[in-house]
Amino acid sequence: MTRSDLVELLAERFGQLTQRDADAAVKTILDAMSDALVRGHRIEIRGFGSFSINRRPPRLGRNPRTGESVHIPERRVPHFKPGKALREAVGAQPVDAGDAGP
């Protein structure tokens with residue numbers, strides 16, 4: 001599902017919302033979530049999951065082309081942990097042969 005799919009679904013489900021209003025609502029929610037994560041806050045949506053920031057410590061890597069050692073600095077990366085209801089809903093669905101990986 002893409003962002004535009006989400007906007008269309010929201011506009012369909014709530015007839016009083018125009019496509020433009022639904023787009024603004026989705027943009028506002030995603031911007032608020034992004035801003036919270038940038039500030040280091042945790043986001044929890046009951047029944048869906050939680051978003052947080054994980055710290056990747058600095059490490060020594062290797063350039064695959066030259067074999068030279070390269071210092072990789074510390075990074076903060078977003079992390080999503082699904083909630084129990086989402087895990088159970090996804091786990092209860094039969095796997096479609098077209099969805100299976102290689």
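Predicted model: local features only at pLDDT ≥ 70, side-chain atom pairs only at ≥ 80, totals over all residues.
Ground rules, briefly. Local features need pLDDT of at least 70, side-chain atom pairs count only at pLDDT 80 or more, and totals for chains, interfaces and linings use all residues. Residues are numbered from 1 along each chain as its sequence is written, and side-chain values use heavy atoms, with hydrogens and water left out.

Aromatics to begin. How many aromatic pairs does a search of the whole structure find? Two. Rings of Phe, Tyr and Trp (its six-membered ring) pair if their centres lie within 6.5 Å; planes under 30 degrees apart are stacked, over 60 edge-to-face, the rest tilted.

Take Phe 48 and Phe 80. Their pair is tilted, at 5.4 Å centre to centre and 50 degrees between the planes. Phe 48 sits in the loop between strand 1 (43–45) and strand 2 (49–56), and Phe 80 in strand 5 (residues 75–82), so this pair ties together parts 32 residues apart in sequence. Strands here are DSSP runs of E, at least two residues; helices are runs of H or I, at least four; both are numbered from the N terminus.

Now Phe 51 and Phe 80. This pair is also tilted: 4.8 Å between centres, 45 degrees between planes. Phe 51 is in strand 2 and Phe 80 in strand 5, so the pair links parts 29 residues apart in sequence. Put together, Phe 48, Phe 51 and Phe 80 make one aromatic cluster.

The cut-offs: buried is under 20% relative accessible area, exposed over 50%, partly exposed in between (1.4 Å probe, protein chains only).

Stay on strand 2. Ser 50 lies there. Ser 50 is buried, at 8%. Its side chain makes a polar contact with the side chain of Arg 42, at 3.3 Å. Such a contact is a pair of N or O atoms within 3.5 Å; within protein, one must be able to donate a hydrogen and the other to accept it, and residues adjacent in sequence count only if both atoms are side-chain atoms.

Next, the hairpin. Strand 3 (residues 59–62) and strand 4 (residues 69–72) pair antiparallel over four bridges. Pairing requires at least two DSSP bridges. Arg 62 has Ser 69 in strand 4 as its bridge partner. Six residues separate the strands, and Gly 67 takes a positive phi near 80 degrees.

Finally, helix 1 (residues 3–13). Leu 9 is in this helix. Leu 9 is partly exposed, at 34%.
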